[in-house]
Amino acid sequence: MKIRLTSLFVDDQRAALAFYTDVLGFTKRRDVPIGEDSWLTVVSSDDPEGPELLLEPCGHPAVKPFRDALAEDGIPLAQFAVDDVEAEHERLTKLGVVFTQKPTDGGDYTTAVFDDTCGNLIQLIAERPAS
Amino acid sequence: MADVFRALDDETRRLILDELAASDGQTLFEICTLLTTRYRLSSTRQAISQHLAVLESAGLVVTERRGRSKFHYFNGEPLAEITRRWPSVVGKEDP
């Protein structure tokens, strides 16, 4: 079994696509209209054949209370791996991205948490190879 | 003042204050992460949330909502009350 696709609810699919591609640097993979919405996925630009992230409409009534409660407590809904959390924190902050947790040393990894402007908190992680 | 002493009478709550004093303005998630990674505490998020509520009701922690998240801050004012009440005792510690 492999993880092929996972999803995040987003407030607005077009705004989410712009943020996930222009700001975060992902690449659009699929954009198939379904009714008023789209089957909209992005992939890592470093791994275009890797797992897809579905940017899913948030119309279901359970989504808002669920995400509001998690955001209040600062709980991220996804984790993205980067080479250097400090560098990404600096780059994204300059682009106006708000972090709820600045880069934090966890021993053999560093994490940070930012708001994806689409209703989710996202954790960045850089793992240090065991020396 | 009894609330303050009761709030301080717990190692986990003292560690939470240590972490907030060192780096103010943290979400529940960040506090839980630090307690787990730095102190190997295995408390649940709900337990930490309850500890924070005790600290907040004692005035040792204040919260502020910024954006969609709630951030916790250390507030030393109730501790200053101790030095005001027993100034001569506390003062001797620091010649």
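Start by selecting A:Thr117, which sits in the loop between β7 (109–115) and β8 (121–127) of chain A. The model on screen is predicted. Although A:Thr117 is not a glycine, its phi is positive, at about 65°. Is this residue buried, exposed or partly exposed? A:Thr117 counts as partly exposed, because it has 18 C-beta neighbours inside 10 Å and a buried residue needs 20 or more.

Stay in chain A and select A:Gly96. This glycine is found in the loop between α3 (85–94) and β6. A:Gly96 is exposed, since 8 other C-beta atoms lie within 10 Å and the limit for an exposed residue is 12 or fewer.

How many helices and strands does chain A have? There are 3 helices and 8 strands. Following the sequence, the pattern is β-α-β-β-β-α-β-α-β-β-β. The radius of gyration of chain A is 15 Å, close to the 14 Å given by the globule rule for 131 residues, so chain A is as compact as a globular protein of that length. Its C-alpha atoms fill a box of roughly 50 × 35 × 35 Å, taken along the principal axes.

Of the 131 residues in chain A, 28% are buried. Consider also the contacts in chain A between residues at least 6 apart in sequence: 48% of these join residues at least 24 apart.

Now display both chains and look at where they touch. Chain A gives 13 residues to the contact and chain B gives 10 residues. Which elements of chain A give two or more residues to the side that touches chain B? They are α2 (63–72) and β6 (99–105). On that side of chain A, 3 residues are nonpolar, 6 are polar and 4 are charged.

Move to chain B and select B:Arg40. This arginine lies in the loop between α3 (28–39) and α4 (45–57) of chain B. B:Arg40 is not a glycine, yet its phi is positive, at about 55°. With 7 other C-beta atoms within 10 Å, B:Arg40 is exposed.

α3(B) and α4(B) pack at an angle of about 110°, and their axes are 10 Å apart. That angle makes α3(B) roughly perpendicular to α4(B). The crossing of α3(B) past α4(B) is right-handed. To see what makes the contact, show side chains for B:Leu28, B:Ile31, B:Cys32 and B:Leu35 of α3(B), then for B:Arg45, B:Ile48, B:Ser49 and B:Leu52 of α4(B). By class, this contact has 6 nonpolar, 1 polar and 1 charged residues.

For the last stop, select B:Pro78 in helix α5 (residues 77–85) of chain B. B:Pro78 counts as partly exposed, with 17 C-beta neighbours inside 10 Å. Which residues does B:Pro78 touch, leaving out those up to four places away in sequence? They are B:Val4, B:Ala58, B:Gly59 and B:Leu60. B:Arg66 and B:Pro78 are 12 residues apart along the chain, and 24 Å separates their C-alpha atoms.

Technical notes
Residues are numbered from 1 along each chain as its sequence is written. Chains are lettered from A and ligands numbered from 1 in the order in which they are written. This is a predicted model: local features need pLDDT of at least 70, side-chain atom pairs count only at pLDDT 80 or more; totals for chains, interfaces and linings use all residues. Two residues are in contact if their C-beta atoms, placed from the backbone, lie within 7 Å. Helices (H or I, at least four residues) and strands (E, at least two) are DSSP runs, numbered from the N terminus. Ala, Val, Leu, Ile, Met, Phe, Trp, Tyr, Cys and Pro count as nonpolar, Asp, Glu, Lys and Arg as charged, and the others, Gly among them, as polar. The radius of gyration is taken over C-alpha atoms; the globule rule is 2.2 Å times the number of residues to the power 0.38. Axes are lines fitted to C-alpha atoms, for helices over the stretch in contact, and angles run from 0 to 180 degrees between N-to-C directions. Angles under 35 degrees count as roughly parallel, over 145 as roughly antiparallel, 65 to 115 as roughly perpendicular and the rest as oblique. A crossing is left-handed if the near helix is turned anticlockwise from the far one by less than a right angle, and right-handed if clockwise.
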